[in-house]
Amino acid sequence: MRAVLTWRDKAEHCINDIAFKPDGTQLILAAGSRLLVYDTSDGTLLQPLKGHKDTVYCVAYAKDGLWSPEQKSVSKHKSSSKIICCSWTNDGQYLALGMFNGIISIRNKNGEEKVKIERPGGSLSPVWSICWNPSREERNDILAVADWGQKVSFYQLSGKQIGKDRALNFDPCCISYFTKGEYILLGGSDKQVSLFTKDGVRLGTVGEQNSWVWTCQAKPDSNYVVVGCQDGTISFYQLIFSTVHGLYKDRYAYRDSMTDVIVQHLITEQKVRIKCKELVKKIAIYRNRLAIQLPEKILIYELYSEDLSDMHYRVKEKIIKKFECNLLVVCASHIILCQEKRLQCLSFSGVKEREWQMESLIRYIKVIGGPPGREGLLVGLKNGQILKIFVDNLFAIILLKQATAVRCLDMSASRKKLAVVDENDTCLVYDIDTKELLFQEPNANSVAWNTQCEDMLCFSGGGYLNIKASTFPVHRQKLQGFVVGYNGSKIFCLHVFSISAVEVPQSAPMYQYLDRKLFKEAYKIACLGVTDTDWRELAMEALEGLDFETAKKAFIRVQDLRYLELISSIEERKKRGETNNDLFLADVFSYQGKFHEAAKLYKRSGHENLALEMYTDLCMFEYAKDFLGSGDPKETKMLITKQADWARNIKEPKAAVEMYISAGEHVKAIEICGDHGWVDMLIDIARKLDKAEREPLLLCATYLKKLDSPGYAAETYLKMGDLKSLVQLHVETQRWDEAFALGEKHPEFKDDIYVPYAQWLAENDRFEEAQKAFHKAGRQREAVQVLEQLTNNAVAESRFNDAAYYYWMLSMQCLDIAQVCPSEWYEDRPGVMVGRSSPALLIQSISLPCYLGAHSWTWQILPRRTQCLASSTTSSVWQSCTMVTMPSIATRKIRSVSIVLKLFSTSPGSCCTACPRTPPRASLKCSQILRLVETKDSIGDEDPFTAKLSFEQGGSEFVPVVVSRLVLRSMSRRDVLIKRWPPPLRWQYFRSLLPDASITMCPSCFQMFHSEDYELLVLQHGCCPYCRRCKDDPGP
């Protein structure tokens, strides 16, 4: 800190008090009985004020006012001693009074005493000046007290003392704070004004006077101080606080509040404060060392750990000795003191190890690194000499000498170049080995090399930052302050009292290297910090320059996988031995969208096909035609196909179809037509195709079927000869007549037709037809299952005629099965064939409906009698009927089967009345017994029928009458009825014993009826009452 006298004046009388106008533009002071008003800018006396007849001891500018206009009188309060000084708190709520007897009284606005501070010394230490700290950042109000016991003390509003009394060694007459409360001014009998910290630590002298200092004040919000003396002298000073700091790479240490040191990490913005409680005179920092010079000692600090981000320092050594030096430098094991022309090297214990005497004043010194204990120093002298000194070597090395004095120095990272700023504000760069001046730039006040790039430096001056790369022109941008460091893309700039890290894009120097096609150097610059756009530009330039290594690194930075794949493919091709750079560059241009340039290079390198392919992929067909070969059909087809693909993508499907057809790509044309529902175009394509082209024809048929054009689809299948697909088409479209006609011509598709037909009939509730279709398709199990289900439903709904009919169909179904598999049948007894699939077993396998009782089922099963049923089944049913007692509610159901019960009116073992062992034959309609006797054909000429016409009574089994063929022929056809059962059953012959009775037998089910009844039923129903054969149907 140093004080510069701005102006001075002298009054006729002692200056008792001084006050600044709140805005600091005017100064009013009390001199004798007069008030003098000065202009603070130049010390001009603006106005002398007269009006007091006696001495004026105190002056002040009104801020909030003490009296109000309405107040007629001022309240007065007595004091125990003479009041010498007073001061209001910042909020105006309390008033501190300093008394002659050494007591301090703190009172509120009403004059009531709240705190009384009795100081040691009493009346021997009158309180001559007091002042409250104006800072609003302090948590408590702090009162500074100066007494004639030659002490300064500090108290809180509660009266509690802060710290200890500070000895002054003079009688203080005035004390005042700076506007923000960071410093204190004290003046008195020592004839000078001293600057103290807010804690009472003396920092230095503001200005020495010729008499006692009675008053001193600081100008609001500035570093100006006015001093008033006993002899009437008025002095106006400007205080200049010099910057005390040190920098090493990204660590910056600087002085704060004159007694503290703050170490700041410029990258992470971490800060640590070291309180020294004394005036900090010099600071030096290097690696993990920190040196702080205080008035009477030097403190050496070190980091707790080797961690680069560690910010905790501890005291390593203390050199208790007063040193006077201009510059201070610290190394790993030494400190270097600069005293004008002399450098001294001291160990941390304070022992001087070496000393260097220079020819001229030392203007600049910097540690440039080296092994611990052997560091190198760069020294610049006023006479222009630049030296390099090693701390373990007594001899200095002269690097070079220039004609002008040195202001700032820096050496490049490789120690090959030296940058110097001289007293003429010129930046000069030298080659250290050859001593050659490489270049120079004007308007520089500080310079710094980039620690990460050998050829880059920056310098500041004239409000601008200048960045220079190699020998390229300087790039300039506005920046206030001094450059003190340059690391990567960060420039450390000192402005006023603070240092900041400024992020500076390195775009300008990078483009300078790119202009000269120096891609690797440009990449190094880009690594210091450029934008993504700059990285992409570097990658593109390097790619066009065929520097694939640099381009690859740059594209990795911007994560452009597309170009990385291109570079990778080119590198693979180069490994395989390709060396045609024109071809590589053409690929690059095509990726960049420079298609015409790429086509020219393809043509120049003899790869016109690649140009054709490129233009085709880009749908630039007019340009592609220029690169077609001499009528090569493959290339022409490829071009047309690509053009068709393009038309398809741009929603021009009809044009695409035409081009696909002309290119022979029928499948793609068919797909477009099918997707758009163009049936006419599909059938046209199908008719023009050769039948050998099965794939497009099949696709045509498939689309035609989807588009509900089965006729065209059938035409296409016929053209292909794909009968199976044609059958499936008829089935799927339910065109059964066409399907049946096709099935007649091709029996191998019978199953494919009738099974779906039967399923369709069943789904449409046409179950009887479905059963026949299943049977016709050879699906016997499904046919039987349909009949069983129909029978169950009929029984459950008491539709017994339908149930009987279904059982008849079931029996005939089993008979058909027996014809196919005769080995499944065996002869139960003469004339009766029983098989595993016989109607008897089928009946037994039918599930009983859940809602029918055993009575209903037993009674309802009786009508299900056919000639194929075994007699044992009938007997068992009859026994069930006779053994079960029917509930009354079932009597109504008995009526429905009464016709059956009449057949068995005697007993289950009843026989014909004419021939006891002959089973009765009844008419299905009227229930009358038909006088019939069963006969058998026999080979022979005898007539056994006549011989056995009268049977012996007894016996339970009926044995048919066996007659010879001759006898059978002799019988009248009208009297003999023949049941022509299909194999494996034998035919049955019946002779009417009452020739006058007219009997009709159904040619289908072979049931016998009175002719009149049969004719009536056929007329009523149009069919047989049992098997429901239509009267117009031919016989079996």
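**Rings, a helix and some loops**

Author: Let us begin with the aromatic rings: this is a predicted model, and the structure holds 19 aromatic pairs.

Reader: How are the rings of Tyr-252 and Tyr-254 placed, stacked or tilted?

Author: Their centres are 5.3 Å apart and their planes meet at 20 degrees, which is under the 30 degrees used as the limit, so this pair counts as stacked. Tyr-252 and Tyr-254 are both buried.

Reader: And what about Tyr-563 and Tyr-591, stacked or tilted?

Author: Here the centres lie 5.9 Å apart and the planes stand at 55 degrees, so the pair of Tyr-563 and Tyr-591 is tilted. Since Tyr-563 belongs to helix H5 and Tyr-591 to helix H6, the pair ties together parts that are 28 residues apart in sequence.

Reader: Which of these is buried or partly exposed, starting with Tyr-563?

Author: Tyr-563 is buried, its relative accessible area being 5%, whereas Tyr-591, at 30% relative accessibility, counts as partly exposed.

Reader: Which residues form an aromatic cluster?

Author: One aromatic cluster is made up of Trp-7, Phe-20, Tyr-38, Tyr-224 and Phe-236. Tyr-224 also has a charge over its ring, for the charged end of Lys-219 sits there, 5.3 Å from the ring centre. A further case is Phe-439, where the charged end of Lys-468 sits over the ring at 4.5 Å from its centre.

Reader: Can we switch to helices? Which residues are buried in helix H4?

Author: In helix H4, which runs over residues 548–558, the buried residues are Phe-548, Thr-550, Ala-551, Ala-554, Phe-555 and Val-558. They span an arc of only 155 degrees around the axis, and therefore they lie on the same side of H4.

Reader: What do the buried residues of H4 pack against?

Author: They pack against four helices, namely helix H2 (519–528), helix H3 (532–544), helix H5 (561–575) and helix H6 (581–592). Just after H4 comes Gln-559, which takes a positive phi of about 55 degrees.

Reader: Where does Glu-340 lie, and what is its phi?

Author: Glu-340 has a positive phi of about 55 degrees although it is not a glycine, and its place is the loop between strand S30 (334–339) and strand S31 (342–347). Asp-425 is another residue with a positive value, its phi being near 60 degrees. That residue, Asp-425, is in the loop between strand S38 (417–422) and strand S39 (427–431), and at 32% relative accessibility it counts as partly exposed.

Reader: New topic: what does Lys-382 touch?

Author: Not counting residues up to four places away in sequence, Lys-382 touches Ser-360, Leu-361, Arg-363, Thr-404, Ala-405 and Val-406. Lys-382 lies in the loop between strand S34 (376–381) and strand S35 (385–390), and it counts as partly exposed at 42% relative accessibility.

Reader: Last one: is Ser-125 buried or exposed, and where is it?

Author: Ser-125 is buried, with a relative accessible area of 7%, and it is found in the loop between strand S9 (113–118) and strand S10 (127–132). Leaving aside neighbours within four places in sequence, Ser-125 is in contact with Gly-102, Pro-120, Asp-147, Trp-148, Gly-149 and Lys-151.

Note on methods. Residues are numbered from 1 along each chain as its sequence is written. This is a predicted model: local features need pLDDT of at least 70, side-chain atom pairs count only at pLDDT 80 or more; totals for chains, interfaces and linings use all residues. Side-chain values use heavy atoms; hydrogens and water are left out. Buried means under 20% relative accessible area, exposed over 50%, partly exposed in between (1.4 Å probe, protein chains only). Helices (H or I, at least four residues) and strands (E, at least two) are DSSP runs, numbered from the N terminus. The arc is that of the directions from the helix axis to the C-beta atoms. Contact means heavy atoms within 4.5 Å. Rings of Phe, Tyr and Trp (its six-membered ring) pair if their centres lie within 6.5 Å; planes under 30 degrees apart count as stacked, over 60 as edge-to-face and the rest as tilted. A charge sits over a ring if NZ of Lys or CZ of Arg is within 6 Å of the ring centre and within 35 degrees of the ring normal.
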